[in-house]
Amino acid sequence: MPRNSRRKSASDFYHIIIRGINREQIFGSNRHKEKMFQFLQEKEVPTVEIFAYCIMSNHMHLLLRGPLKDISEYMKGIQTSYALYYNRKLERNGHVFQNRFKSFPVESEEYLWQCFYYIHLNPVKAKITEDMKRYQYSSAQEYLYEKKGLIQEKARSYMKEGQMFYPAERVIPQLEEVYIEDLSEETTQQKDRILRKWIEIYLEEHKELCLWDLQNLPKNRNDFAATMLDPRVMSRKELFHRLDKF
């Protein structure tokens with residue numbers, strides 16, 4: 001069966017996710033995380049910039065900017081090198097990663113900041129730490145303490161300039177249950193929580209409206225969908241169906 005082609009981003013920004021096969025903890029030890037960090041550094045492609053990263057125990061998030069073809073080359077180099085290292089180290093054979101890497105185009109400033117904070121808040125969400133600044137294997141410390149690592153000065157300056165327009169308080173409430181990649185098998189309950197979060201955010205920003213307006217007035221329904229809907233979570237038709245039953 002042929003693979004679906006990747007969707008290109010008009011901004012050249014992509015949220016990249018890779019996972020261990022069967023959700024295995026392929027980065028379970030600090031040594032493994034440090035090895036992946038090393039490959040991220042060594043396999044550098046000049047046209048690919050790292051804007052954020054977070055290496056967890058069984059998966060990794062990256063926020064990259066560059067041509068999709070070059071990003072694919074970069075990710076192939078990283079995953080191949082790490083798989084060879086991991087299999088050799090553990091004296092095992094077979095696949096290390098779950099399928100090929102996931103790539104989500106980032107095509108708005110707000111979505112860029114959602115990805116940026118979401119990536120850095122992963123250890124907090126996983127209850128590894130209460131403060132993203134304390135997690136060693138993400139770019140949070142590189143931004144907050146100007147620690148040297150994978151983030152180049154160009155990327156650091158770009159993100160600092162944007163903070164005045166998209167502060168954490170504006171986008172963090174949208175992060176808790178946004179990504180379809182983090183949904184469990186019980187997606188019905190998860191989607192209900194996502195919809196509740198979308199409604200809360202939208203009504204907070206439109207204090208003159210109430211839930212009834214979203215359920216019954218076409219103008220408000222359409223604006224709500226255009227503003228809040230993430231098609232990776234549910235379709236527009238499903239959104240309206242759930243909204244009517246909310």
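Which strands does α1 lie across, and at about what angle does α1 run to β2?

Reply: α1 lies across β1, β2 and β3, and runs at about 170° to β2. Angles run from 0 to 180 degrees between N-to-C directions, along axes fitted to C-alpha atoms, for helices over the stretch in contact.

A word on the model. This is a predicted model, where local features need pLDDT of at least 70, side-chain atom pairs count only at pLDDT 80 or more, and totals for chains, interfaces and linings use all residues. Residues are numbered from 1 along each chain as its sequence is written, and side-chain values use heavy atoms, with hydrogens and water left out.

Next, the setting. The protein has 10 helices and 4 strands. These are DSSP runs numbered from the N terminus: helices are H or I with at least four residues, strands are E with at least two. Along the sequence the pattern is β-α-β-β-α-β-α-α-α-α-α-α-α-α.

Now the sheet. It is open, with 4 strands in the order β2-β3-β1-β4 and antiparallel pairing. Two strands pair if DSSP finds at least two bridges between them. β2 and β4 are the edge strands, and each pairs on one side only. From one strand to the next, the twist averages 15°.

Look at β1. It pairs with β3 over 7 bridges, in the antiparallel sense. With β4 the antiparallel pairing runs over 5 bridges. Follow H15: this residue stands opposite L63 in β3, and its bridge partner in β4 is F104. Y14 also has a partner in β4, namely P105.

β1 is mostly covered, with 7 of its 7 residues buried. Buried means under 20% relative accessible area, exposed over 50%, and partly exposed in between, using a 1.4 Å probe and protein chains only. F13, H15, I17 and R19 point one way from β1. Y14, I16 and I18 point the other way.

What sits inside? The largest nonpolar core has 51 residues, of which M36, L63, M75 and Y82 touch the most other members. Such a core is a set of buried Ala, Val, Leu, Ile, Met, Phe, Trp, Tyr and Cys residues joined through side-chain atoms within 4.5 Å. The elements that each supply at least two residues include β1 (13–19), β2 (49–55), β3 (59–65) and β4 (102–106). Among the helices that do so are α1 (30–42) and α5 (153–162). The largest share, 9 residues, comes from α2. In soluble globular proteins, nonpolar side chains tend to be buried together.

C115 itself is buried, with a relative accessible area of 0%.

A second, separate core has 16 residues, including W198, I199, L214 and F240.

Last, the whole protein. Of its 246 residues, 47% count as buried. Among contacts with a separation of 6 or more, 68% join residues 24 or more positions apart.

Definitions and conventions:
Contact = heavy atoms within 4.5 Å.
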